[in-house]
Structures are given as C-alpha cells and as structure tokens.
Amino acid sequence: MALVCLAAGALAEGAPVATDGRVVGDDNRTRFVLDLSGEVDLSAFTLAEPYRVVIDLPEIDFRLPSGTGSTGRGLVSDWRYGQFAAGRSRIVLDVTGPVKIDKAFVLPAVEDQPARMVLDLLKTTAAAFEEDLRKNQLARDSANEAPVQKADQLPPPDRSKREKPLIVIDAGHGGVDSGTISASGILEKDIVLAFAKKLQERLEQTGKVAVLLTRTDDTFLPLGARVQFGRDHAADLFLSIHADSEHEGSVRGATVYTLSDKASDREAAALAAKENASDLIAGLDLQQDADGVTDILVDLTRRETRNFSAAFANGLVGDLASATRMIKNPRRSAGFQVLRAHDVPSVLVEIGYLSNDQDEKLLTSDEWRSRVADAVTQAVLRFFGQKYAYLGK
C-alpha cells in the first residue's frame with residue numbers, strides 16, 4: 001500500500017464544502033479531482049481484493065451533483081463518498097487493477113477557481129502493488145481504525161436487574177456506504193435511519209422497553225462495531241433495518257431474516273453476501289480472523305440465542321403481514337455478519353425494495369413508517385411478554 005499524508009492550513013470554521021468531483025486521464029495515468037471551499041488535510045492509501053484507493057479527509061459537507069461517482073474513467077471505474085466516523089469523511093475509488101499513488105495534494109483557491117484536492121494514479125504491476133502493501137501494513141491498519149461506538153470499558157449491564165428490556169435498533173449502512181440507491185436517487189441509508197427513529201419513538205411511547213440506536217446520524221459504522229454495540233449494552237434484542245433491491249424491479253414487500261450457517265435459499269445467500277460487503281465498500285481492509293470460539297458454554301448460549309431469534313422472527317412476520325405487503329416466503333435465513341452476537345437475539349428486517357416504484361413510495365411515507373413501526377412494536381411486546389409479566393398489563 002502506498003500511503004501519502006499531507007498537512008494543510010487550519011480549516012475555516014465549519015466543515016469544508018465539496019461542490020464537484022471528476023476523473024480524467026487514461027488506462028495508464030488517471031487523475032481524481034475534488035473541488036472544495038477550502039484547503040484540507042488528507043491521507044490516501046490503496047487496498048486489494050478488490051483493488052481500491054481510499055482517501056481520508058476531515059469532515060466534509062458533500063454537495064455534489066446527483067449521480068456523481070457512479071461512473072469513472074481510465075483506472076477508476078466508479079467512486080463513492082460520505083462520512084466515515086465522527087469528524088472524518090472518506091472517498092473510496094474502485095480501480096480496474098493494481099495502481100500506484102503518484103501524487104496527492106491540495107491546491108489553494110485562485111481567483112475564480114475553488115481549492116482542489118488532486119490525486120494522481122499510475123498503472124503498476126501486481127507484484128509492485130503487493131510490495132507496497134507489505135511495506136505499509138502498519139500505516140494501513142492505523143488509517144482504518146474508525147472510532148467504535150460502545151459502552152465504557154466496564155462490564156455490560158446485568159440484564160436480571162433491569163426494569164425494562166433493552167432493544168438495540170441498527171439502521172444499516174451510513175456515511176460512505178449508501179446502500180441501495182433507487183432510480184430516483186433515494187438512499188437506503190436515509191430510509192432505514194428514518195424508520196429506525198420512528199420505531200424508537202413508537203417503542204418508547206409504550207413505556208415498557210428501553211431503546212438505543214447504533215447510529216443516530218449519517219455516520220459509517222463497521223459491521224463488527226454494530227454487533228459489539230449490542231453486546232456491550234447487553235441488549236435483549238437486536239433489530240437490523242435494511243431496504244432491499246432487485247435488478248428487475250418487480251419484487252416488492254418486507255422480509256424477516258435470522259442467522260444461519262446455510263442460507264434458506266439462493267436469494268437469501270445473495271443478500272447476505274451483499275450486506276456483508278458493507279465494510280469492504282467503505283474501504284476497510286477485511287483481514288480479521290473469524291470468531292473461532294468453541295467454548296461449550298458459548299456454543300450453548302449461541303443455540304439458545306438462535307432459538308429466541310427464530311421465535312421473535314416468526315411472530316414478527318405475522319404482525320408485519322397485517323401492516324404491509326410481504327414477499328413470497330418472507331421468513332428466511334442466511335449468514336449475516338451483523339446478526340452474529342452469540343448472546344443477543346438478533347433479526348434483520350428488509351422493510352421493502354427501493355428498486356420497486358411502489359415500495360419506494362411507501363418507504364418514503366411517514367404514515368407507512370408509523371403503521372409498520374406499530375406492527376414491529378406489537379411483535380416486540382409480545383416477545384418480551386413471556387419474560388416480563390408487566391409487559392402484558
């Protein structure tokens with residue numbers, strides 16, 4: 001990995017504004033340019049499997065034209081942008097093969113021209129690319145360390161001493177990872193956050209449960225951090241909210257997923273693979289070891305947790321069916337990384353398809369969100385009513 005770090009002058013008050021971005025050049029040398037309202041610090045590095053270039057910046061107010069980044073040129077096939085962590089933004093360039101960062105710099109504003117961030121890429125060999133990655137492993141690890149939202153380093157709360165069960169709602173995607181984008185430009189990350197907040201409101205109005213959100217704004221959160229958030233707070237239930245997409249656009253309706261080692265069907269497997277790529281999309285290097293814990297007590301807890309997850313999912317399907325359209329066979333399972341907490345019952349809900357015009361209208365309707373949130377709330381209260389007698393009052 002090639003790493004470049006540059007320091008610019010002090011930022012003006014407020015986040016710098018990005019107004020345009022473009023790619024120029026050919027298959028041997030390509031330049032990426034971002035127009036900014038002021039000078040910024042930047043760091044840039046490359047990643048493999050697949051080949052990517054990552055640019056880390058301070059918090060940027062991206063006001064780019066619709067569709068910016070969906071196409072590229074030369075060595076860059078496409079690119080995306082967004083908030084990566086508190087006070088940090090990230091741009092990820094998908095590149096066509098091994099590249100070398102030749103230059104990375106910021107030009108100050110001159111007369112009628114805005115400040116410009118410039119990144120030059122050169123085509124290189126796979127061997128040279130791998131050598132750069134090996135030499136700069138430490139720098140890459142440091143650049144990928146996004147702050148993790150979690151409880152203080154204290155033991156997790158004792159569930160047995162709680163007055164109310166705790167629900168953690170996880171709005172999928174966020175920041176640099178937009179998720180599905182509808183034909184009209186609606187972003188999945190915005191749709192699911194709006195629904196998560198509506199669901200939080202409805203649940204809290206009952207006075208019978210406590211609720212936390214893994215993210216409350218447009219910030220990227222790694223999959224592992226989402227899982228850890230639920231565990232650190234000893235959540236009694238973890239709900240991950242997403243909005244699906246499908247190439248033909250004819251499929252619509254909600255789906256409820258639980259974790260399984262073998263997917264229930266081909267569609268569930270494909271969706272899990274797509275959702276599990278969230279960290280990769282955001283420019284994270286995915287070389288962590290999988291959870292290989294084999295302790296017998298952990299295994300027993302995992303089995304019990306999966307049983308609780310399945311029980312809640314079965315009830316949720318029935319309640320959702322009374323409030324919104326469901327797809328065929330709405331109760332499915334696959335290997336979703338975000339559902340892998342061994343001690344927190346976890347369910348992923350695809351609330352609809354942004355690739356379908358009718359579903360898109362519903363997903364952007366506050367009235368629909370309220371109706372579906374009420375259905376989920378009913379399922380939650382019924383699920384916990386068996387453990388907490390006062391929930392039934």
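Predicted model: local features only at pLDDT ≥ 70, side-chain atom pairs only at ≥ 80, totals over all residues.

Analyst: We can go through a sheet, a pocket, the cavities and a few local details in turn.

User: How does strand 2 run relative to strand 6, parallel or antiparallel?

Analyst: Strand 2, residues 17-25, runs parallel to strand 6, and 2 bridges join them; within this pairing, Val-17 stands opposite Asp-61 of strand 6.

User: And what about strand 2 and strand 3?

Analyst: Strand 2 pairs with strand 3, residues 29-36, in the antiparallel sense, over 7 bridges.

User: Switching to pockets: what is the volume of the second largest pocket?

Analyst: Its volume is about 1,000 Å³. The second largest pocket has 36 lining residues, and those nearest its centre are Arg-80, Ser-178, Gly-179, Ile-181 and Leu-187.

User: Where does the largest share of that lining come from?

Analyst: Strand 7 gives the largest share of the lining of the second largest pocket, with 6 residues. Strand 7 covers 76-85, and the elements that each supply at least two residues to this lining also include strand 6 (61-62), strand 8 (88-95), helix 3 (188-205) and helix 5 (266-276).

User: Which domains does the lining draw on?

Analyst: At least three residues of the lining of the second largest pocket come from each of domain 1 (17-133) and domain 2 (166-391).

User: How many of the lining residues are nonpolar, polar and charged?

Analyst: For the second largest pocket the lining divides into 10 nonpolar, 15 polar and 11 charged residues.

User: How many cavities of 30 Å³ or more turn up in the whole structure?

Analyst: The search finds 2 cavities of that kind; the largest has a volume of about 40 Å³, while the second largest cavity has a volume of about 30 Å³.

User: What lines the largest cavity?

Analyst: Its lining is made up of Asp-170, Gly-172, His-173, Leu-223, Arg-226, Ser-240, His-242, Glu-275, Ser-278 and Val-338. Helix 4 (223-232) and strand 13 (237-244) are the elements that give two or more residues to the lining of the largest cavity, which divides into 2 nonpolar, 5 polar and 3 charged residues.

User: And which residues line the second largest cavity?

Analyst: Leu-223, His-242, Glu-275, Asn-276, Phe-336, Gln-337 and Val-338 line the second largest cavity, and by class they are 3 nonpolar, 3 polar and 1 charged.

User: You listed His-173 for the largest cavity. Where does His-173 lie?

Analyst: His-173 is in the loop between strand 11 (166-171) and helix 3, and although it is not a glycine, it has a positive phi of about 65 degrees.

User: Is the peptide bond from Glu-49 to Pro-50 cis or trans?

Analyst: That bond is cis, with omega near -5 degrees, and Pro-50 lies in the loop between strand 4 (42-47) and strand 5 (52-58).

User: Last topic, helix 9: what span should its 20 residues have?

Analyst: At 1.5 Å a residue, the 20 residues of helix 9 (366-385) should span 28 Å, and the end C-alpha atoms are 28 Å apart, which agrees.

User: Which residue caps the N-terminal end of helix 9?

Analyst: Ser-365 does, with a side-chain oxygen lying 3.3 Å from the backbone nitrogen of Glu-367.

Terms used: Residues numbered from 1 in each chain as written. Heavy atoms only, no water. 1 Å grid on protein atoms, 1.4 Å probe; cavity = no way out; pocket = protein on both sides within 12 Å on 5 of 7 lines; lining within 4 Å. Points joined across faces, edges and corners; volume = space filled by probe spheres on them. Helix = DSSP H or I, 4+ residues; strand = E, 2+ residues; numbered from the N terminus. Nonpolar A, V, L, I, M, F, W, Y, C, P; charged D, E, K, R; others polar. Domains from an automatic or database assignment. Expected span 1.5 Å × (residues − 1). Polar contact = N/O pair within 3.5 Å; in protein donor to acceptor, adjacent residues only side chain to side chain. Pairing = 2+ DSSP bridges.
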